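Student: I've got a model open and want to talk through its ring pairs and helix packing. Can you take me through it?

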Amino acid sequence: MKKAVIIFILIAFVPAFLYADMRPMETIKIPIDEGMKILTDPKYKDPSLKKVQREKIWDVVRKVFDFTELGGRTLATNWKNFSPDQRKEFTEVFSEILGNAYLDKIQGAYKDEKVEYVGKEMITDSKAIVKTKIVRKKGEILVDYSMKLKDNSWKVYDVQAEGISLVQNYRSQFNEILVKESPDDLIKRLHKKLEEQQKTDKK
Amino acid sequence: MRLYGNKIFMNRFTAIIIFYAAFIVFMAAPSAYSSPDVLLPGYGSESIMETGKEPLPELLIAARSDYSDKDYMDDDPDFLKEEAREEVIRIADPLYYWNKGMFHFNDKLYFWFLKPVATAYRAVIPRMVRTGVHNFFYNLEMPVRFVNCILQAKFEAAGNEFARFIVNSTEGILGFDNPAKNYPELKNGDEDMGQTFATYGIGNGFYIVWPFLGPSTLRDTFGMAGDRFLKPVSYIEPLEVSLGVTGFRMINATSLKIGDYEEFKKAALEPYEGLRNAYIQNRQKKVRE
């Protein structure tokens, strides 16, 4: 009887968003674990299947990222100088660059590695940091995901590896460019970077 | 020092300056190329990627459909307001031209010298041995971490460093193995004198890139100079041997992370700014710990 009362109280007072969607930790767990499963799946051992594997991983990963917000945060106040079309193009190219750079790395390295979930920190009801640890032979890497509740689902808008925020790092680079150049120039440079990446991928 | 008499001391002093140059080489691998390592977690240093010709176009089109256009119309989205309140890390860079020159020097040093040599070395020496060598040098530098823990009044951490040293030097055979990792309560820190200065309230000063050594700041440079006295390798004589040991260590360290720096450059639009920012952010985090 006592138990039933406690359960009733819990149900009555737990905020609605807990039902509406999963909590941040669970949200990030699913794509990471699923990604790891694809990575370790022996059926992708054949090098010719690397591309298929990569697309599968990207498919899983991108669902949990909010690239609009991530990209917007790297632009910071420069966002105001971008037209809606430029913002859109910027976000698209930038997310492709990130995908390219990071999927390579993930595919190359996570094979013998493990991801541990260290904990979670709720900043507000709609913002949280999920702390993880990549355990590898060479040592551990702390990776924190900044997440935000948007339209009822938790999305990642920044990643911090060993204290280095992805958003802040790109912001410093974009700032450097945007001090001297226009939004269009930045977008052009992003396209060029993407081409470069594709060229080295072919090698 | 009195033991040696004045003249010999002077010679020793000169030697120490030269050691310092050696020390710079010695440090190059952990500092110049470790920032990209932390910037990009988890990428492989040992694997050669087989990637497709086109970078997942179909999927990206699918990704695009996720973006709602209304987000792009918003001139003052919430995240801008949030961001305005965030702490921004800035670093003065008055030596910009020198630093940029040294950045390019280190870049070429890596691609033209370190990488080819380390690649050959990697082909001959098994990974287990290379990791052992890496552990050995890390263990040898216990005094740096231990003393800096004490200076920061982190006595528990100092005890852990000491205990790790004992375990790894005995059970781990002179530090080649790392059995201390089986005792999770013995956490290893990464304290150095730059961090000690920071806990005393000394700021970064400005950014400075050293040849061989990589990114640093004024404060961290003084820190490294201090740490040098706590490193056994600094006391090896004659100089040739010390330099040799230093060079060997650098090649060994590089062999364990070939590919990391390339990946960093692949992700960056402005590698110089990217590395500078990564260095400062990473140091900030270490100071906080």
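Student: Are Y110(B) and Y261(B) buried or exposed?

Tutor: First, some ground rules: this is a predicted model, where local features need pLDDT of at least 70, side-chain atom pairs count only at pLDDT 80 or more, and totals for chains, interfaces and linings use all residues. Residues are numbered from 1 along each chain as written, chains are lettered from A and ligands numbered from 1 in the order written, and side-chain values use heavy atoms, with hydrogens and water left out. Buried means under 20% relative accessible area, exposed over 50% and partly exposed in between, with a 1.4 Å probe and protein chains only. On that scale Y110(B) and Y261(B) are both buried.

Student: How many aromatic pairs are there over all chains?

Tutor: Rings of Phe, Tyr and Trp (its six-membered ring) pair if their centres lie within 6.5 Å; planes under 30 degrees apart are stacked, over 60 edge-to-face and the rest tilted. By this rule the count over all chains is 23.

Student: Which kind of pair do Y110(B) and Y261(B) make?

Tutor: Y110(B) sits in helix 6 of chain B and Y261(B) in helix 13 of chain B, so the pair ties together parts 151 residues apart in sequence. Helices here are DSSP runs (H or I, at least four residues), numbered from the N terminus. The ring centres are 5.3 Å apart and the planes at 70°, so the pair is edge-to-face.

Student: And what about F136(B) and F176(B), which kind of aromatic pair is that?

Tutor: F136(B) is partly exposed at 23% relative accessible area, and F176(B) is partly exposed too, at 37%. Their centres are 4.9 Å apart with 15° between the planes, and the pair is stacked.

Student: What angle do helix 8 and helix 9 of chain B pack at?

Tutor: Helix 8 spans residues 142-151 and helix 9 spans residues 155-170, with the axes 7 Å apart. Axes are lines fitted to C-alpha atoms over the stretch in contact, and angles run from 0 to 180 degrees between N-to-C directions. For helix 8 and helix 9 of chain B, the angle is about 160°.

Student: How do helix 7 and helix 8 of chain B lie, roughly antiparallel or oblique?

Tutor: Under 35 degrees counts as roughly parallel, over 145 as roughly antiparallel, 65 to 115 as roughly perpendicular and the rest as oblique. Helix 7 and helix 8 of chain B pack at about 40°, with axes 5 Å apart. That makes helix 7 of chain B, relative to helix 8 of chain B, oblique.

Methods
Helices (H or I, at least four residues) and strands (E, at least two) are DSSP runs, numbered from the N terminus.
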